[in-house]
Amino acid sequence: MMNQIGNQQMLREINKSLLLNNIYEQGPISRVDLARKTRLSPTTVSVLMEEAIREGLVRETGTAGSGVGRRMTLLDINASGGCVLGVDLSNAPARCVLLDLRGNLLASQPLQPAQPLFGPEAMCSELPQLIRAFLEEQETPLATIRWMGVSIPGRIDEKRENVVNSTVLGLENFPLRTKLYEEFNIPMHLVNDLDAAGFAERFNGTAKGLQTIVYILIDYGIGAGLVLNNQIYRGRHDRAGRIREFSRFSTANLSKRLLETYPDTFGDVRDDEPLVVRRFVDLGMQGAEPFAGELEEIIETIASYCGHVLQLLSPEQLILGGWVGESEPFFTRLAERIQSREQAIVPTPVHSPRWKEYGASIGAATIGLHRMFKSRTMS
């Protein structure tokens, strides 16, 4: 008897998720069209949609139809029925965003402290405190958060539960999702930061509608996210996308070398690693030596590597994120050099990301929305 009740409840949840998915993808839509598209009975549709309306997930919005027949009430996702939280731990400082249930950006903010969170203790104590402080500042009660997505610079296990390894965060085989769920008790997922940033660009960014893209990040973290025929490619053991050749160009490594080599030029901003790199780029673009020569070497190294990648994969677009996209004159020179190294009749478009430093957090939140409203199946 209990098993039968459990099966009935599971079937109910599957049917409800199917309806919500159709509304998310095709709304506004009428109950009649929902019944036709899902092949569920009108009664089942009516009962489950009334439940979703009471929960604040769905709202009635306008009517459709003309002539003498009865006009049909339309249903859509209730954008103000809650929020989705996105947290990106690949940046320094970490960043948070809030989206409504239609994916509109409500708030974005870097978290304090400015230095990267590091080690298991910081994940268990500091991170939850920072998230709660962000929600308090946005005057957003935790009860209104429907889902949380957390982007990680590093490897995550296949079930998206544990951080297998993250050098940037000082984590190894760490159950981050479990720890955060125990703290907040809301649905959540972990996602690689490059996968998240690439998803944000494909969903509502510079690569919207494209099927094959390469996203390369040169920031505190270094790596590439690959989307091939609309599928994220992670490679064997989730190791695709490593670019060790660029490790010396990371924000931390590059700023450290500049401070050690040219203390008189950068010493006054030694506590701001991104500012050290920005000043270096500005000096190099102005032609000041030895910075112009060093910047030229970086451009040539990146361009040569990227040119080979474009020759190999022939994607629809290359996206370069991180500090390399902050200066427009520098990025333009880099993009032109990459295309010259590609040696293609029709060069691959090279763009900086629309969402800049918030791409991974927005992507993590948007993936959460998709998981909220995806169709479930028997498992």
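Student: Which residues are buried in helix H5?

Tutor: In this predicted model, the buried residues of helix H5, which spans residues 176-184, are Leu176, Leu180 and Phe184.

Student: Where do these buried residues fall, seen down the axis of H5?

Tutor: They fall within an arc of 45°, so they line one face of the helix. In general, an α-helix has 3.6 residues a turn, so residues three or four places apart point the same way.

Student: Changing topic, at what angle do the axes of H10 and H11 cross?

Tutor: Helix H10 (residues 291-313) and helix H11 (residues 328-342) cross at roughly 45°, and their axes come within 7 Å. The two helices are therefore oblique to each other.

Student: Is that crossing left-handed or right-handed?

Tutor: The crossing of H10 and H11 is right-handed.

Student: Which residues in H10 and H11 meet?

Tutor: On the H10 side, the residues are Leu295, Glu296, Ile299, Glu300, Ile302, Ala303, Ser304, Cys306, Gly307, Leu310 and Gln311. They meet Phe330, Arg333, Leu334, Arg337, Ile338, Arg341 and Glu342 in H11.

Student: How many of them are nonpolar, polar and charged?

Tutor: By class, the contact of H10 with H11 has 9 nonpolar residues, 3 polar residues and 6 charged residues.

Student: Now Gly363: where does this residue lie?

Tutor: Gly363 lies in helix H12, which covers residues 359-372.

Student: Is Gly363 buried or exposed?

Tutor: Gly363 is buried: its relative accessible area is 0%, and buried means under 20%.

Student: What does Gly363 touch?

Tutor: Leaving aside residues up to four places away in sequence, Gly363 touches Ala196, Phe199 and Ala200.

Student: What percentage of the residues count as buried?

Tutor: Of the 379 residues of the protein chain, 49% count as buried. Concerning contacts between residues at least 6 apart in sequence, 62% join residues at least 24 apart.

Note on methods:
Residues are numbered from 1 along each chain as its sequence is written. This is a predicted model: local features need pLDDT of at least 70, side-chain atom pairs count only at pLDDT 80 or more; totals for chains, interfaces and linings use all residues. Side-chain values use heavy atoms; hydrogens and water are left out. Axes are lines fitted to C-alpha atoms, for helices over the stretch in contact, and angles run from 0 to 180 degrees between N-to-C directions. Helices (H or I, at least four residues) and strands (E, at least two) are DSSP runs, numbered from the N terminus. Angles under 35 degrees count as roughly parallel, over 145 as roughly antiparallel, 65 to 115 as roughly perpendicular and the rest as oblique. A crossing is left-handed if the near helix is turned anticlockwise from the far one by less than a right angle, and right-handed if clockwise. Contact means heavy atoms within 4.5 Å. Ala, Val, Leu, Ile, Met, Phe, Trp, Tyr, Cys and Pro count as nonpolar, Asp, Glu, Lys and Arg as charged, and the others, Gly among them, as polar. Buried means under 20% relative accessible area, exposed over 50%, partly exposed in between (1.4 Å probe, protein chains only). The arc is that of the directions from the helix axis to the C-beta atoms.
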